[in-house]
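Keep the viewer open as you read.

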Amino acid sequence: MAPKKTSPKSKQKKTSPPTTTTTASDIIEKKQSSQPKNEVQLSEREKKKQNFIVRAIWTIVMFLFFITILSLGHIWTVVLVFICQILVFKECIFVASQPSKEKNLPLTKSLNWYFLFTTIYYLDGESFIHSFNHLIFTNQFLTPLATHHKFLSYCLYVLGFVFFVATLQKGHYKFQFSQLCITHMVLLLVVFQAHLIINNIFNGLIWFLLPVLLVITNDIMAYLCGITFGRTQLIAISPKKTVEGFVGAWISTIVIGIVLAKVLTNFNYLICPVKDLHENVFSNIVCDKNPIFIAQDFRIPPIIGENIGIFKITIRPIYFHTLNLASFASLIAPFGGFFASGLKRTFKVKDFGHTIPGHGGITDRIDCQFLMGSFAYLYYETFLSTSRINVGSVLQLVVTNMEPKEVLELVRKLHLFLYNMGVIDEKTYSKLIQLI
C-alpha cells in the first residue's frame with residue numbers, strides 16, 4: 001500500500017510554534033500590568049509629593065543663602081555672580097560638547113575654559129577699574145595692569161585664537177569650528193550680560209536685587225495664573241505656557257514690583273553706590289540719594305484734575321521706573337527661558353544639569369535673569385545715572401593720558417584754584433607749592 005500523503009494543513013498542525021524568550025523587561029511589564037491602577041496612581045502621587053518636598057526645601061535653602069550673601073556685602077554678591085556665570089557656562093558647553101569625547105579632542109574643552117576666563121578678565125576687569133579706580137590707580141602694582149588692561153586682554157584673546165588654529169585636526173574641522181561658535185555665543189549671552197549685572201551691583205544693590213525679584217515674581221505668578229486661568233497656548237516651544245498666565249503675570253508683577261520698590265528704597269545699604277569693598281548690611285552707609293528715590297510733586301493734567309479734584313500728587317519717581325522694569329521682566333525676559341528651552345530640545349536633554357536637587361541646573365533657574373540684568377543696566381545708565389564723572393574717573397583719565405610733569409602742573413593748578421576759592425589759606429598754599 002502506498003503511504004498516505006499528508007496534506008499541508010496537517011503539516012502545519014504538527015510544526016511547533018517558535019519559542020519566545022522572556023526578558024527582564026517583559027517580567028517587569030507583566031508585574032506592572034498586574035498591579036491595580038490605584039497602586040500605580042498612588043506611587044505617582046508619592047513621587048510628585050516627594051519631588052515637591054525636595055523642591056520646597058531647596059527653594060528655602062536658596063532663598064536663605066541669597067539673603068546671607070546680600071547681607072555680607074557687595075563684593076560677596078559679585079562673587080555669587082562670578083560663580084553663577086561659570087556654572088552656567090559649564091552647563092551650556094557640556095550640553096553642546098558631548099561629542100568631543102567621542103572624537104578624542106581633549107583640547108577643545110580646555111580652549112573653551114581659556115576663552116571664558118580671558119573674557120571675564122577683560123569685562124569684569126573693566127568693571128573693577130571703573131568702580132575702584134581711586135584705589136587701583138594709587139597702587140604701584142595695579143596701576144600698570146589697569147593702564148594696559150585692554151591691550152593685555154587683546155593679547156590673551158589672540159593667543160587663544162592662535163591656539164585654536166594650531167589644534168585644528170583633519171576630519172574634525174566642522175565640529176571644531178561649530179564648537180568655537182557655540183563658545184562665543186555662550187560668552188555673549190552669559191558672560192557679557194553677567195558683566196553688566198556686576199555693574200548693577202556697583203551702582204547700588206537695588207539695581208541688582210529689584211530686577212532679580214521681579215523675574216522671580218513673574219515666574220511664580222505665571223505659574224499660578226497659568227494653572228488657574230490658562231487655556232490658550234502661548235508659544236510652541238514651551239507648550240505649558242499660556243496667554244492667560246503670561247498676561248496675568250504681567251499685571252501681578254507690576255503691582256508686586258511697586259510694593260517691592262517701596263520697601264527696598266527705605267534702606268541706604270541698597271540704594272547707595274558701592275565705595276568700599278568692606279561694606280555690609282551692618283555698615284553705616286550714607287550717600288547723596290538719587291532724586292528718583294525722593295518723593296516729588298507731579299502735576300495732573302487739568303482735564304483730569306478737575307474731574308477728580310486733585311491737581312498734583314507726591315510720589316517717588318522710582319515707582320514709574322519700576323513699572324518699566326516690571327513690564328520688561330514680564331514681556332521680554334521670559335524669552336530667555338524660551339531660548340533655553342529650545343536649546344535643551346535641540347540637544348534632547350531635560351535639564352542643563354543636576355546642581356540643585358529638584359530644580360535641575362543653575363541655567364534652568366536663572367535663564368531669564370541675564371536678559372533682565374542687562375536691560376536694568378542699560379536702563380539705569382540711559383535714564384537714571386547721575387554720576388557720570390567722579391573723582392575716580394578723572395584720576396583714571398589723568399593717569400592714563402598724562403606724563404608725570406603734566407600731572408604735577410595739574411596739581412599746581414588745582415592748588416591755585418582752591419586758594420582762589422578760599423578753601424585753603426595763603427600759608428597752606430605756600431607750603432603745598434614748596435612741597436611740589
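Cys368 is buried, with a relative accessible area of 15%. Keep in mind that this is a predicted model. Cys92 is buried too, at 10%.

What does His74 touch, once its neighbours within four places in sequence are set aside? The contacts are Ile201, Leu205, Tyr269, Cys272, Val274 and Glu279. Lys275 is worth a glance here as well: it lies 201 residues from His74 along the chain, yet the two C-alpha atoms are separated by 9.7 Å.

Now for the rings. A search of the whole structure finds 15 aromatic pairs. One of them is Trp113 with Phe117, which is stacked, with 6.1 Å centre to centre and 25° between the planes. These two are four residues apart in helix 6 (residues 106-131), so about one helical turn separates them. Tyr114 and Phe115 pair up as well: their centres are 6.2 Å apart and their planes stand at 70°, so this pair is edge-to-face.

| Residue | Relative accessibility | Class |
|---|---|---|
| Trp113 | 25% | partly exposed |
| Phe117 | 45% | partly exposed |
| Tyr114 | 27% | partly exposed |
| Phe115 | 2% | buried |

Elsewhere, ring pairs link Phe328, Phe375, Tyr379 and Phe383 into a cluster. Phe328 is also one of the buried residues of helix 15, which brings us to that helix.

Helix 15 (residues 318-331) has 14 residues and reaches 20 Å from its first C-alpha to its last, close to the 20 Å expected at 1.5 Å a residue. Is it enclosed or open to the outside? Ten of its 14 residues are buried, so helix 15 is largely enclosed by the rest of the structure. Among those buried residues are Ile318, Tyr319, His321 and Leu325. The cover includes helix 11 (206-229), helix 12 (243-264), strand 4 (312-315), helix 16 (334-346) and helix 18 (369-384).

Helix 16 itself has 13 residues, which should span 18 Å at 1.5 Å a residue; the end C-alpha atoms are 19 Å apart, which agrees. Its buried residues include Pro334, Gly336, Gly337 and Phe338, along with Lys344. After helix 16 comes Lys348, with a positive phi near 60°.

Finally, the record. An unreviewed UniProt entry lists several stretches as "transmembrane region", including residues 52-72 and 318-340. In the model, residues 52-72 are 100% helix and 0% strand, with end C-alpha atoms 30 Å apart. Residues 318-340 come out as 91% helix and 0% strand, and their end C-alpha atoms are 31 Å apart.

Note on methods:
Residues numbered from 1 in each chain as written. Predicted model: local features only at pLDDT ≥ 70, side-chain atom pairs only at ≥ 80, totals over all residues. Heavy atoms only, no water. Expected span 1.5 Å × (residues − 1). Buried < 20%, exposed > 50% of the residue type's maximum accessible area, 1.4 Å probe, protein only. Contact = heavy atoms within 4.5 Å. UniProt positions renumbered as here; feature names shortened; annotations may be inferred. Phe/Tyr/Trp six-rings, centres within 6.5 Å; stacked < 30°, edge-to-face > 60°.
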